[in-house]
Amino acid sequence: MEIIKFKTNVENEEALSRVAPYLDKEESISRWKLDTGSTENILSVSGTDLDSQKIENVVQQAGFKAEIIRVIGISGKDL
C-alpha cells in the first residue's frame, strides 16, 4: 500500500463534493482524505500501484489543481 499526498486548491465542503465522485471512481485508490482545514488543503491518497500524474488529472477533471508533495512507500491503514 502506498500513500501519496498532494497540495490542492479544494478549499471547502462544496468543492470537496465536486471532487469526491472523481476520486471515488479511480480504481487504484482504496482510500482518500482531504483536509480542507490545512493551509495547503492536503489530499492524502492510499492504494496499490498509484500513479501521481493520474490522480492529478482526476482532480483536474473536477476543475481543481493538485500538486504532489510527498510519496510514502508502504503504509498501514492510516492516511
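Modeller: A polar contact here is a pair of N or O atoms within 3.5 Å; within protein, one must be able to donate a hydrogen and the other to accept it, and residues adjacent in sequence count only if both atoms are side-chain atoms. This is a predicted model, in which local features need pLDDT of at least 70 and side-chain atom pairs count only at pLDDT 80 or more, while totals for chains, interfaces and linings use all residues. Residues are numbered from 1 along each chain as its sequence is written, and side-chain values use heavy atoms, with hydrogens and water left out.

Biologist: OK, so what does a side-chain oxygen of Asn12 reach at the start of α1?

Modeller: That oxygen comes to within 3.2 Å of the backbone nitrogen of Glu14, and Glu14 itself belongs to helix α1. Helices (H or I, at least four residues) and strands (E, at least two) are DSSP runs, numbered from the N terminus.

Biologist: Is Glu14 buried or exposed?

Modeller: Glu14 counts as exposed because its relative accessibility is 57%, where exposed means over 50% relative accessible area, buried under 20% and partly exposed in between, with a 1.4 Å probe and protein chains only. The C-alpha atom of Glu14 is separated by 20 Å from that of Ile55, a residue 41 places apart from Glu14 along the chain.

Biologist: And which residues of α1 are buried?

Modeller: They are Ala15, Leu16, Val19, Ala20 and Leu23, and what covers them includes β2, β3 and α2.

Biologist: Switching to the sheet, in what order do the four strands come?

Modeller: The order is β2-β3-β1-β4 in an open sheet with antiparallel pairing, where two strands pair if DSSP finds at least two bridges between them. The edges are formed by β2, residues 29–35, and β4, residues 66–72, each of which pairs on one side only.

Biologist: How many bridges do β2 and β3 have?

Modeller: There are six bridges in that antiparallel pair, and Lys33 has Ser44 as its bridge partner in β3. Between β1 (residues 2–8) and β3 (residues 42–47) the pairing is antiparallel over five bridges, with Phe6 bridged to Leu43 of β3. The hairpin of β2 and β3 has six residues between its strands, and Asn41 takes a positive phi near 45° there.

Biologist: Why does Thr8 count as buried, and what does Thr8 touch?

Modeller: Thr8 is buried because its relative accessible area is 9%. Leaving aside residues up to four places away in sequence, Thr8 touches Leu34, Glu40, Asn41, Leu43, Lys65 and Ala66, contact meaning heavy atoms within 4.5 Å.

Biologist: Last one: where is Ser28 found?

Modeller: Ser28 sits in the loop between α1 and β2, and with a relative accessible area of 17% it is buried. Its side chain makes a polar contact of 3.1 Å with the side chain of Glu26. Again not counting residues up to four places away in sequence, Ser28 touches Ser46, Gly47, Thr48, Asp49 and Leu50.
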